[in-house]
Amino acid sequence: MLLTSVIVKIIGAVYKIPLTAYIGAVGRGYYASAYNLYLPFHALIMGAFPIALSKITGKYNAQNNDEAVSLIKTAAHKLFFKVGLIGMAVILLISKPYCNLIASSPKSFLSVVVLAPSILFSALASSYRGYYEGFMNMKPTSVSQLIEALFKMVFGLVFARLSMSYLYTSYLKYGIVLGNKVSSEEEAFSLIYPVTSAAAILGVTFGCFLSLIYVFIYHQINKPSIPVKNRTKTKHYENELLSFSFPIMISCAVQSVFQFLDTASVQWALSLINSNELRSIYSNSLAVANTSVDDIGAYVYGILSSATDFKNLVPGITMALGVCAVPAVSAAYETNDKEHLSSLINSVFKYTFIISSAGGMLIALCSTDILNLFYSSSAPDIVISCDELIKYFALTVPFYSLAGTAVFCVQATGNAKKSIAPYVISGIIRVILNILLVSNEKMILNGCIISGAVGYWVMFFWNRKIVKKACDIKISEIKIIIKPLLVSVLTYFSSDFIIKHINFFKNQPINLLMKSVVFCLIFCMLCFLFKVPSLGELFWLFKSKKNGLNT
């Protein structure tokens, strides 16, 4: 299950890079706008109801109450269908005002409409996943998530490429796009990007649908035949599911709302800047982008989304370390083994920072090479506009990674409710700073870097304090942050000096590989020179990972 989760995260982070090459920064802006509306509903439904179903199914299964297990499955299917249908309907109802007023991106509407059915498909698939999780059977969940991620990537890329090819060929041959006569490439792309973005989003809906088909077939083959005497009790179990889900929904709702407000505040702040001013600021990249004045807001937001693809790569990896640590931290906390607990938590924080700071510095060092590798031929404007943005984002990666790990540790100690307040305050800080900084013509997207860094640092520091108090342990900032940071900074400047004085290969992938090897060798040597890792910590880390995988 853990391995599948990591693979799914990697696919989700990586596939957007070639996707952007097909649909461009403007199309990516439409894509991101649609996802921003979709994610809060998805998180709310998927974060509460499957967990409740799993817990209740497990309870009745432990009591050997087969009839209750059968009825809870029936009740869940009905409830999840209703919830999914309501979620889809709400998205469709608010899609127009959201695109026009909040996202300031009316052309995102088609992408939102295409994405809406995936809420229903995901909810129905969860009624099967949660049921089998209650039996400690993680196969349906793992396989269905992998199917969803793989086909989202495959269909998304294929649909985006085919639609772009067909519509652009129509423009070249006949000067017509979607039945409209166009006089320039800029005008043609203005009509093409909303469609290619929706085509890419259609891949997500197809992936969710195929995931549902798999769990449905799996259930038909493996479902137990349990005679049920009284079907009228289904409503009772439906109410039990709702009752159990409610407090989880509140927690998920808080996170979802602030996640939405974070992205919406950026879009709104961009809409406050005059489009001509934006065009002037991004004139270098727009010179090769063929972007209409009407699409400039979507273009700039697409640039931000493209940059965050690379920023999110490292936190996606460190998340696996946090997930692995949860059962080990939980076990040490329950047995009140303070020495073990202190060593374990310090190690988890420390290695999260080591991995994230090294990963962030490496991305900052090689940002130009990475962008050229992916976009130099297909979207050179992204190389021009994203290079500096990715460098600065990469330096803030440790804030995101440490915040995520701290939340996992809080949850492992049974204090999940206490992590809501830090999330709220962090969200408020990010929203306020987004509005103040992004709308400033001297900052624009750099404002997102500052707001994210400050917000997630507050989240980390607050959750770290909760863990420290709950476990009654000491957390060493010198070992966790100061020494690894010193090593990362020295590695960056040493690698930069060596790279500038060595004639590397002209082949782009080999060049990037050689720079990465130089960085990693220097980083490892400095780590052991400054005694950043220790054998004892590595032992606890290995033991935690082993426990996490077994779990």
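The model is predicted, so local features are given only at pLDDT of at least 70 and side-chain atom pairs only at pLDDT 80 or more, while totals for chains, interfaces and linings use all residues. Residues are numbered from 1 along each chain as its sequence is written, and side-chain values use heavy atoms, with hydrogens and water left out.

Helices here are DSSP runs of H or I with at least four residues, numbered from the N terminus. The axes of helix 2 (residues 16–62) and helix 6 (residues 139–174) come within 10 Å and cross at roughly 110°, where axes are lines fitted to C-alpha atoms over the stretch in contact and angles run from 0 to 180 degrees between N-to-C directions. That angle makes helix 2 roughly perpendicular to helix 6, a term for angles of 65 to 115 degrees, whereas those under 35 count as roughly parallel, those over 145 as roughly antiparallel and the rest as oblique. Helix 2 passes helix 6 in a right-handed crossing, meaning that the near helix is turned clockwise from the far one by less than a right angle. On the side of helix 2 the contact (heavy atoms within 4.5 Å) involves P18, L19, Y22, I23 and Y35, which meet K152, G156, L157, A160, R161 and M164 of helix 6. These residues divide into eight nonpolar, one polar and two charged, with Ala, Val, Leu, Ile, Met, Phe, Trp, Tyr, Cys and Pro counted as nonpolar, Asp, Glu, Lys and Arg as charged, and the others, Gly among them, as polar.

Helix 17 (residues 446–471) has 26 residues and reaches 38 Å from its first C-alpha to its last, close to the 38 Å expected from 1.5 Å times one less than its number of residues. Just after helix 17, D472 takes a positive phi of about 55°.

Aromatic pairs (Phe, Tyr and Trp rings, the six-membered one for Trp, with centres within 6.5 Å; planes under 30 degrees apart are stacked, over 60 edge-to-face, the rest tilted) number 23. Y128 and F216 form an edge-to-face pair, 6.4 Å centre to centre with 80° between the planes, and this pair links helix 5 (residues 117–133), which holds Y128, to helix 7 (residues 185–222), which holds F216, across 88 residues.

Technical notes
Helix = DSSP H or I, 4+ residues; strand = E, 2+ residues; numbered from the N terminus.
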